[in-house]
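The model itself is shown first.

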Amino acid sequence: MSDAMTPAELVAIIDRAFDSRSGSSVRQCECGRTFFNPSMDWDWEDGEIEKLVNDPNATALTYAVTAVVLDGRYFVSDCRCWHERAIKVGEWLCANQDSVAEFFAEKRRVLAAKLIRTPEIIP
Ligand SMILES: [Zn+2]
């Protein structure tokens, strides 16, 4: 069986792994595009929804706006810029999966060595 993944599969996996785990009424993506959810009962200011609806740089969603945090920057999960970045990140991880696995194995060895050197204090 091939371990090749489609771009959509890569985006879905990266989303699940890096999702901020919070939804909101409106959020601006790292690229500057705004996403909002006018169909749920959010606490909107007067005229806020109308302004967003008429903003050509804003996209209405039928569900809460979720984001992915990468390098401390928020990318809206539904934004095309995030999908392009997620595909690159996913492809890099897949192309380097043995090295990534070795990194975490080495991290575990380093942490275990630190614990062994830590004196045990018995009360
Ligand atoms: Zn974006």
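What percentage of the 123 residues in the protein is buried? Buried residues make up 15% of them, where a residue is buried if 20 or more other C-beta atoms lie within 10 Å of its own, exposed if 12 or fewer, and partly exposed in between, with C-beta atoms placed from the backbone.

## Basis of the model

The model is predicted: local features need pLDDT of at least 70, side-chain atom pairs count only at pLDDT 80 or more, and totals for chains, interfaces and linings use all residues. Residues are numbered from 1 along each chain as its sequence is written.

## Fold and dimensions

Helices (H or I, at least four residues) and strands (E, at least two) are DSSP runs, numbered from the N terminus.

The radius of gyration, taken over C-alpha atoms, is 21 Å for the protein, whereas a compact globule of 123 residues would have a value near 14 Å; the globule rule is 2.2 Å times the number of residues to the power 0.38. The C-alpha trace spans about 60 × 50 × 25 Å along its principal axes.

## Contacts and nonpolar core

Two residues are in contact if their C-beta atoms, placed from the backbone, lie within 7 Å. Among contacts between residues at least 6 apart in sequence, 67% join residues at least 24 apart.

A nonpolar core is a set of buried Ala, Val, Leu, Ile, Met, Phe, Trp, Tyr and Cys residues joined through C-beta atoms within 7 Å. The largest such core has 15 residues, of which C29, F35, F75, V76, C79 and W82 touch the most other members. At least two core residues come from each of α1 (7-18), β3 (34-36), β5 (65-70), β6 (73-76) and α3 (80-95); β5 gives the most, with three residues. Leaving aside residues up to four places away in sequence, C79 touches C29, C31, R33 and F35.
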